[in-house]
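This report describes a ligand site and a division into domains. Please read it alongside the structure shown here.

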Amino acid sequence: MIYKNILSELKEQILYVTINREHKLNALNKETLAELADVISYATGEDEVRGILLTGAGEKAFVAGADISEFSDYNGEQGEALARNGQEQVFNAMENCPKPIVAAINGFALGGGLELALACHIRIASDNAKLGLPEVSLGLIPGYGGTQRLTQVIGKGRALEMIATGEMISADQAEKVGLVNHVVPQAELIAKAESLLGKIKLRAPLAVAAAIKSVNSTNNFGVNGFEIEIKEFGKCFNTADFKEGTSAFLEKRKPVFSGK
Ligand code: COA
């Protein structure tokens, strides 16, 4: 597959993947998601890859969310399919990837962008990063696993505060609540991620894969929260508030919600 929206380069057993839509703050359109699915599948099957470093192009954004312009006219069914396909093909594939994935969060990580970082195994942020799940401002909820993974990482109270207010938090706040492991100046971000992956790649690959699988299985409480999220996400698309929220973003104005 020839990639148009991501850069991918294998160097010294680390696969460097950069989301490369800087003019749209690296927002995830369908093509980008398909390319990410492809590169994860390649990394999963390629022995030469011992770890993945995922970042966004430029100095402003890791990923500013799913591409709002692509789904603003979706109905409930289409919304549900959007969440389900994305979760299965990209976000779950990343979480279940046997190669460790480190997110180097170099700016805004919002909505689908924070969900992408949450699907990575380890997160490092630059000191200018801002993280949030602003979907309720669009009349939506997170649909790429954010309600589940954020809660697993920072706990219910903090997760609901972030999701229900839609507000962003700083890199330092994110470190305090355990959402990112380290915060470093932007110029040192890639080196910090490389140093972590450099240590991991010296360890036994099958043991690292087994550790990922085992750690991932801690949060299986028997209720399929991801399924509930997909259904609720789909339902949001049938509301007037969703139409208003997305139109307001695209028209660059503040939304006026009616609760319908
Ligand atoms: N989907 C589609 N386009 C997006 C986008 C997204 N999630 N985030 C940013 N963009 C686009 C903008 O529309 C703009 O495009 P244009 O230059 O063609 O008008 C470009 O990226 C630059 O963004 P802009 O909003 O002008 O930058 P800013 O510095 O004023 O604001 C943000 C930065 C991140 C605060 C703002 O872009 C934002 O709120 N983005 C949406 C975040 C969001 O709701 N994400 C969740 C989606 S589910």
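Domain bounds are taken from an automatic or database domain assignment. For this chain the assignment gives domain 1 (6–200) and domain 2 (205–250), and the centres of the two, taken over C-alpha atoms, are separated by 13 Å. Contact between them (heavy atoms within 4.5 Å) takes 37 residues from domain 1 and 26 residues from domain 2.

The model is predicted, so that local features need pLDDT of at least 70 and side-chain atom pairs count only at pLDDT 80 or more, while totals for chains, interfaces and linings use all residues. Residues are numbered from 1 along each chain as its sequence is written, and side-chain values use heavy atoms, with hydrogens and water left out.

Around the ligand there are 17 residues, of which K24, K60, A66, I68 and K252 come nearest, a residue being near if one of its heavy atoms lies within 4 Å. The following polar contacts are pairs of N or O atoms within 3.5 Å.

| Protein atom | Ligand atom | Distance |
|---|---|---|
| K24, polar side-chain atom | oxygen | 2.6 Å |
| A64, polar backbone atom | nitrogen | 3.0 Å |
| A66, polar backbone atom | nitrogen | 2.9 Å |

Of the 850 Å² of accessible area that the ligand has on its own, the protein covers 69%, by the Shrake-Rupley method with a 1.4 Å probe.

Terms used: Polar contact = N/O pair within 3.5 Å; in protein donor to acceptor, adjacent residues only side chain to side chain.
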